[in-house]
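Please read it alongside the sequence and coordinates.

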Amino acid sequence: MPNPLFLSTTSEKPQLLTISFAHDPQGSLGAQLINCDKGEPFEMFSPGFAQVGRLLDGETVARKCGVKVGDCIVAVNGQ
């Protein structure tokens, strides 16, 4: 039986969002991020490196792609 502490509380499924800034190195996701990788004990169960703290105003990449406050960034590829 799965441990109830680690069961999802939402019916939402994770979504892969791929954004390339290859042609626009100064581009922006359009979100202010909260760093979740500072090594604090309370962060040990955080599912990502960063969490979306707020969306910037305007028609940003984040808004167009359905990013919401509270979403987690779990991986970043530097290519």
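The points below are grouped by topic and describe a predicted model.

**Confidence**
- Mean pLDDT for the chain is 76, and 70% of its residues reach 70 or more.
- Strand 2 has the highest confidence in the chain, at a mean of 89, while strand 3 has the lowest, at 80.

**Strand pairing**
- Five bridges link strand 1 (residues 31-35) to strand 2 (residues 50-55), and the pairing is antiparallel.
- Within that pairing, A31 has L55 of strand 2 as its bridge partner.
- Strand 2 also pairs with strand 3 (residues 72-73), again in the antiparallel sense, through two bridges.
- Here Q51 is placed opposite C72 of strand 3.

**Nonpolar core**
- The largest nonpolar core has five residues: A31, V52, L55, A62 and V67.
- Leaving aside residues up to four places away in sequence, A31 is in contact with V52, R54, L55, L56 and A62.
- In soluble globular proteins, nonpolar side chains tend to be buried together.

**Cysteines**
- The model has zero disulfides, counted as pairs of cysteine sulfur atoms within 2.5 Å.
- C65 has a relative accessibility of 30%, so C65 is classed as partly exposed.
- C72 has a relative accessible area of 35% and is therefore also partly exposed.

Note on methods. Residues numbered from 1 in each chain as written. Heavy atoms only, no water. Buried < 20%, exposed > 50% of the residue type's maximum accessible area, 1.4 Å probe, protein only. Pairing = 2+ DSSP bridges. Helix = DSSP H or I, 4+ residues; strand = E, 2+ residues; numbered from the N terminus. Core = buried A, V, L, I, M, F, W, Y, C linked by side-chain atoms within 4.5 Å. Contact = heavy atoms within 4.5 Å. pLDDT = per-residue confidence, 0-100.
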